[in-house]
Amino acid sequence: MATPGPVIPEVPFEPSKPPVIEGLSPTVHRHPETFKEKFLRKTRENPVVPIGCLATAAALTYGLYSFYRGDSRRSQLMMRTRIAAQGFTVTALLLGLAITAMKSRP
């Protein structure tokens, strides 16, 4: 039985460079996106999610203000509205993900 020799990799490993995988490009964009560019792109892709986030924040803020003023009935209503707005936001996020996944399929 022959003894296996040492395994020599075809291409030396360089930790400073990403690995080369056939058919895969490590970067899609020529320059990295800034936070503002990414936020605007994601908002254009699914505009309902930021609206839901703003509605959630508004309901929370007004509910806390009502609680501070002592209007417990309005405060409870706004906390329930906040929960509904959060549910709306999560649903919009999941629908956006599903639509994006369906678009990317061949």
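Salt bridges that share partners join Glu-33 to Arg-41 and Glu-45 in one network, a salt bridge being defined as a side-chain nitrogen of Lys or Arg within 4 Å of a carboxyl oxygen of Asp or Glu. The structure is a predicted model, in which local features require pLDDT of at least 70 and side-chain atom pairs count only at pLDDT 80 or more, whereas totals for chains, interfaces and linings use all residues. Residues are numbered from 1 along each chain as its sequence is written, and side-chain values use heavy atoms, with hydrogens and water left out.

Under the salt-bridge criterion, the count comes to two. In one of them, the side chains of Arg-41 and Glu-33 meet at 2.8 Å, N to O; in the other, Arg-41 pairs with Glu-45, and the closest N and O atoms are 3.2 Å apart. Arg-41 and Glu-45 both belong to helix α1, where a spacing of four residues corresponds to about one turn of the helix. Arg-41 itself is partly exposed, at a relative accessible area of 25%.

With regard to secondary structure, the protein chain contains three helices and zero strands, and its pattern along the sequence reads α-α-α; helices (H or I, at least four residues) and strands (E, at least two) are taken as DSSP runs and numbered from the N terminus. Of the 106 residues in the protein chain, 15% are buried.

The empty space was examined next. Rolling a probe the size of a water molecule over the atoms shows where empty space is left. On a 1 Å grid over the protein atoms alone, a pocket is an open set of points where a 1.4 Å probe fits, with protein on both sides within 12 Å along at least five of seven lines, and lining residues have an atom within 4 Å of a point. The largest pocket holds about 480 Å³ of space, the volume being that filled by probe spheres set on grid points joined across faces, edges and corners. Elements that contribute two or more residues to the lining of this pocket are α1 (35-45), α2 (48-69) and α3 (72-104), and the largest share, nine residues, comes from α3. The lining comprises 17 residues, among which Lys-42, Glu-45, Asn-46, Val-49 and Leu-93 lie nearest the centre of the pocket. By class, nine lining residues are nonpolar, five polar and three charged, with Ala, Val, Leu, Ile, Met, Phe, Trp, Tyr, Cys and Pro counted as nonpolar, Asp, Glu, Lys and Arg as charged, and the others, Gly among them, as polar.

A nonpolar surface patch is formed by Val-90, Leu-93, Leu-94 and Leu-97, which together have about 380 Å² of accessible area. Patches of this kind consist of residues with over 30% relative accessible area and no salt bridge, nonpolar side chains being joined within 5 Å, and accessible areas come from the Shrake-Rupley method with a 1.4 Å probe, only the protein chains shown counting as cover for residues. Leu-94 is located in helix α3 and is exposed, with a relative accessible area of 53%; Leu-97 is likewise placed in helix α3 and counts as exposed at 52%.

Leu-94 and Val-49, 45 residues apart along the chain, have C-alpha atoms separated by 9.8 Å. Val-48, a residue of helix α2 that counts as partly exposed at 32% relative accessibility, lies 9.8 Å from Thr-91, C-alpha to C-alpha, across 43 residues of sequence.

Methods:
Patches are made of residues with over 30% relative accessible area and no salt bridge: like charges are joined within 9 Å, nonpolar side chains (Val, Leu, Ile, Met, Phe, Trp, Tyr) within 5 Å. Buried means under 20% relative accessible area, exposed over 50%, partly exposed in between (1.4 Å probe, protein chains only).
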